[in-house]
Amino acid sequence: MNRKLRMGGEEMETGQFLVFAGTREGRELTEFLTEQQIPAVVCVATDYGEALLTENEQIRVRTGRMDCGEMAALIREERPLAVIDATHPYADAVTENIRRACEQEKTDVYRLLRQESVSEQTEGMRFFENAAGAADWLCGKQGNILLTTGMKELSVFAERPELRDRLFVRTLPQAEVFAQIETYGLSGKQIICMQGPFSREMNAATLRMTDAKYLVTKESGRIGGFGEKAEAARECGAVCLVIRRPASEPGFSADEIRRIIIRLWRENSCKNSEVRGCEAQETPHEISADKRRRVTILGIGMGSDDNMTVEAVAACRESDCIIGASRMLETLRRFEKPMASLYRSDEIASYMESHSEYRKFAVAFSGDIGFYSGARKLIEALTDSQNDQHTDIRLLCGISSVVYFASRLRMAWEDMALVSSHGREQNLVSAVRQNRKVFTLASDAKSIRSIAEKLELFGLGDVKVYVGADMSYPTEHIYEGKAADFVCFDRTGVFSAVICNEQAGRETVTHGIPDEVFVRGNVPMTKEEVRSISVSKLRLTRDAIVYDVGAGTGSVSVECARMADRGRVYAIEWKEDAWKLIAENRKQFAVPNLEIVAGRAPEKLNNLPAPTHAFIGGSGGSLKNILRTLVRKNPDVRIVINCITLETVSETMEAANELRMEIEDITSVSIAKSKPVGSYHMMTARNPVTIITLQALR
């Protein structure tokens, strides 16, 4: 009888579906109906088929074979919204009876077609239009035979005396099996009762156990394990005899059937509840509030089949749909699943929301999901979704590019600095300067050239570079040379690089670079001791955004850029003769994260990123406006000011009170430096400097 749906306090007829199952596709469709809370009557032919299904509030199971008349009677009794034929692709007589019964009762029927194998590998295979043709061919051959077509075709082979004694039959563990083997005179050792699915390894083990030279199978597609049988036969040197499918028939894929069910169910529910404007393509979340989507986010390794972990392979096989960038999908086509070529997190989340016919998604990323992967953003997108409570997320790691490349170089990666030049702004030069080994991702040959040019520009042109192209693919190649050798690099492919600097780590890590090391000219420079104290008062972080206002020679900028190697330093200077000095010092000290801003403050500050720290060595008479701009851009900015005159000290304190900033510290620094006088050394005093530290009031 029809089920009822309670809406608006009233119960009304909703209809149900009638499913003829008996295959794995049928079982999966039953699970889908259960999770979507859509009622159905599911028909199976045998008790064994019934045992594989679970009755619940949505699903009723009917067991027993039926002819056309009995099917028609069942359709009249149940009045289904539609009939789904999910029977075996070789059960052509059953399919014909279902079609005739539906035609008689004027009920729509939808045939679920098993997806055919996409493999074009025919080496070691022979194809036959029917079982009789395969049996006739075997009569003229020697060697044992493993029959995996089921009991229906057993008689065709067992009735031939030439085949009977060398025949091994793998079939489902059903009671009627033993009665049939006695009829054909087969012994118990010739029968293997097992329930699939069977892996390539299991098929190969069975071939070896039976010493079979021939494997007979139907062209049963992915669900029927055709690929695993064919691979096992090739591995064991057995000939694979393939009985072709019946003539092609009209029908729908599994995901198309799911969409049809959802559409019909929604249309019927909307009609019964007299809701207007319902669109069939909308997802039925209000109907299936308890369903849970399963999303596996996985790393597929470097790209070749051999790089995938066993867990990743299993997740792809079990999924209903695979999502990923086009390069990843090329690797995963062997799983013969519906695919969506997407890489943006919001697009992936939206696709899942609009395709409720899929319950299990596999989202593929290259390498490992924890190494410069889009997995983090996808998790955030799925978590932020309005239906995140209906999504189970599982993460599977993969073989990362750094691990793979290091193994190819026979090099440990435990002490490598890991960065990415693939669409990211990172201080690669600083990493190479500080580390003996650096691994970096790259997008194309242009990015390799850019890396080489930057290393050469900052005095690192002689470091050793290994460039890996198309790692794990048949076109894999490793190029080796100095950084300068790659300035004109021009190859196609996907690249990564390992940079080795034997001189790394020998430079000092503390601030306080000697004055004489800088290129100075006639431009004023914050002296070493005052600079050291001033930088320490800034309390920089490695990712700091620093303004050096009135940068002069750039000595403070250089000190800050070396310490904030993951951040950015802006040297703001209006004097033209200073710009060249800053540029030379930037190159000499290899700090590409130092950027020169030519012009006056505060005007030139407006278009810069908000600062976390600021040093003011010269204000050009605009101190208050500069401080006001800094606080406006970031109220929490930490500011250190060097005051040469008492008037500047007074102006600073007045501005701090006006802007409600805390004067955290005032330090007066008086430095005396020695200079030789004949055989003696005399101390010479320098002008005192007042260092004022400002911080927002807490």
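1. Arg568 and Glu595 form a salt bridge, with 3.6 Å between the closest N and O atoms (a salt bridge being a side-chain nitrogen of Lys or Arg within 4 Å of a carboxyl oxygen of Asp or Glu). The pair links distant parts of the chain, 27 residues apart: Arg568 in strand β25 (residues 568–573) and Glu595 in strand β26 (residues 594–598). Helices (H or I, at least four residues) and strands (E, at least two) are DSSP runs, numbered from the N terminus. Glu595 is partly exposed, at 32% relative accessible area; buried means under 20%, exposed over 50%, partly exposed in between (1.4 Å probe, protein chains only).

2. This is a predicted model: local features need pLDDT of at least 70, side-chain atom pairs count only at pLDDT 80 or more, and totals for chains, interfaces and linings use all residues. Residues are numbered from 1 along each chain as its sequence is written, and side-chain values use heavy atoms, with hydrogens and water left out.

3. The whole structure holds 36 salt bridges. One of them joins Arg200 to Glu235, with the closest N and O atoms 2.4 Å apart. Arg200 lies in helix α9 (residues 200–210) and Glu235 in helix α10 (residues 226–236), so this pair ties together parts 35 residues apart in sequence. Arg200 is partly exposed at 28%, as is Glu235 at 39%.

4. Glu31, Glu35, Arg294 and Arg359 are linked in a network of salt bridges.

5. Ala431, in helix α17 (residues 428–434), is buried at 9% relative accessibility. Its C-alpha atom is separated by 10.0 Å from that of Asn501, 70 residues away along the chain.
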